[in-house]
Amino acid sequence: MGAFETSLRARVAALPLSHGIADGSVVFDAGAAGAWVVRVHRGKFTVARGGSRDATTRLFSDPRTFLEVIEGRTPGVRAFLDNHLFMRGSIAYALELDALLQTDVRAPRARRVVVDGIEGFYLEAGPKDAPPVVLLHGLGATSASFLTTLWDLARDHRVIAPDFPGFGASGKPVRALHAAFLADWIVGLLDKIRIDRADFVGNSMGGRVAIEIALRAPARVRSIALLMPSLAWRRFRRMKPLVRLLRPELGALPLPALHGLVMVTLRSMFAVPDRLPEAAMHAAADEFVRVFSSPRGRIAFFHAAREIVLDDAAGENGFWARLANVACPSLFLFGDRDWLVPARFAEHVRTVLPRAEIEIIPDCGHVPQFEHPEATNARLRTFFRR
């Protein structure tokens, strides 16, 4: 029995009974060195040699990296971000298991909490008494889309990265998932975990929700940093009557998400897709396919997408009139090669909210925290310090 297998069996045997993690399995595939599967059943953990065709998550690395992760010397997230470990299947499940093995304060701990009758999944990292920052993901994404930022900020922040209702490992309510509902749900989450006031970072849809929180609960917001936030379109108003007729509940019908098509769409969100390892792209695509493959996951996706299109732009109660009421310090980042949220939105924001900090990132698509992680995290830190 090799060092990794010996350590794996010892660590798993020492894990306490955990009813917080669902039944499932994680395969550790070390290539020519062999494969091992950790199974979870009713809170109990077992180890066996070999793989598993129906594994919840598959991890790929070398025995040395696996040994460091199992012994808690290198958090799995750090190995993943350093491209030493790759995964397929459920990212959330891998993070739940990794949280049981790690002692590093920067390693994310998987948490669950019920807010307004909806079970929420979130990651927490960093010192408990540090300044809190909340990371809000985009449409079709999960908390894992902020792992680069979570790892960086957790050095000196208490980082909270939730899965919105309808996404990732959170509950899938069948209801309109508009910015107001999601904002109120996030405030409810903060109430549950006793965070009075925080900085917020939002990407795409998460940016729109961060704005809504700043408008609806200004006392809870220290600042908002928005990475290519979804903003109400002034054009395409003629499309809205048609969109209103399309019912998200049609997502209950079988509609497979083809992994290849998801990969094409995902790659289009980066100015230079090859900046990211192909394995990381596959992991993100797997996560989308896993959620979208369930009827409630599809309905939630269509509900949220519909609300983005229907977001009113004009009028005294429209988005752009309300945006002028944001009182907290605000940072808006746009990518010059982002086709989802074009950089020309910067001029609209500058007109409506002249006190905001606004920058256009060169050679950048829609997800700067992965395409330019060092520069993005450094910019966030500079903004928070001010």
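Student: Which residues do ring pairs link into a cluster?
Tutor: Phe4, Phe28, Trp36 and Phe66 are linked into a cluster by ring pairs. Rings of Phe, Tyr and Trp (its six-membered ring) pair if their centres lie within 6.5 Å; planes under 30 degrees apart count as stacked, over 60 as edge-to-face and the rest as tilted. The model is predicted, so local features need pLDDT of at least 70 and side-chain atom pairs count only at pLDDT 80 or more, while totals for chains, interfaces and linings use all residues. Residues are numbered from 1 along each chain as its sequence is written, and side-chain values use heavy atoms, with hydrogens and water left out.

Student: How many aromatic pairs does that rule give?
Tutor: The count comes to 13 aromatic pairs. In one of them, the ring centres of phenylalanine 4 and phenylalanine 66 are 5.4 Å apart and the planes are at 25°, so this pair is stacked.

Student: Where do phenylalanine 4 and phenylalanine 66 lie?
Tutor: Phenylalanine 4 is in helix 1 (residues 3–14) and phenylalanine 66 is in helix 2 (residues 63–70), so the pair ties together parts that are 62 residues apart in sequence. Helices (H or I, at least four residues) and strands (E, at least two) are DSSP runs, numbered from the N terminus.

Student: Are phenylalanine 4 and phenylalanine 66 buried or exposed?
Tutor: Both phenylalanine 4 and phenylalanine 66 are buried. Buried means under 20% relative accessible area, exposed over 50%, and partly exposed in between (1.4 Å probe, protein chains only).

Student: What about phenylalanine 288 and phenylalanine 301?
Tutor: Their ring centres are 5.6 Å apart and their planes are at 85°, so phenylalanine 288 and phenylalanine 301 form an edge-to-face pair. Phenylalanine 288 belongs to helix 10 (residues 278–292) and phenylalanine 301 to helix 11 (residues 295–310), 13 residues apart. Phenylalanine 301 counts as buried because its relative accessibility is 18%.

Student: Now charges. What sits over the ring of tryptophan 151?
Tutor: The charged end of arginine 106 does, 4.0 Å from the ring centre of tryptophan 151. A charge sits over a ring if NZ of Lys or CZ of Arg is within 6 Å of the ring centre and within 35 degrees of the ring normal. Arginine 175 lies over the face of phenylalanine 181, at 3.8 Å from the ring centre.

Student: Switching to asparagine 377. Where is its place?
Tutor: Asparagine 377 is in helix 15 (residues 373–385). At 5% relative accessibility, asparagine 377 counts as buried.

Student: Which residues does asparagine 377 touch?
Tutor: Not counting residues up to four places away in sequence, asparagine 377 touches Thr148, Thr149 and Asp152. Contact here means heavy atoms within 4.5 Å. The side chain of asparagine 377 also makes a polar contact with the side chain of threonine 149, at 3.1 Å. A polar contact is a pair of N or O atoms within 3.5 Å; within protein, one must be able to donate a hydrogen and the other to accept it, and residues adjacent in sequence count only if both atoms are side-chain atoms.

Student: How is strand 2 joined to strand 3?
Tutor: Strand 2 (residues 35–41) and strand 3 are antiparallel, with six bridges. Valine 40 has phenylalanine 45 in strand 3 as its bridge partner, and arginine 39 stands opposite threonine 46. The two strands form a hairpin with two residues between them, where arginine 42 in the turn has a positive phi of about 55°.

Student: And strand 1 with strand 2?
Tutor: Strand 1 (residues 24–29) and strand 2 also pair in the antiparallel sense over six bridges. Glycine 24 has valine 40 as its bridge partner.

Student: How many residues of strand 12 are buried?
Tutor: Six of the six residues of strand 12 (residues 330–335) are buried. Ser330, Phe332 and Phe334 point one way, and Leu331, Leu333 and Gly335 the other.

Methods
Two strands pair if DSSP finds at least two bridges between them.
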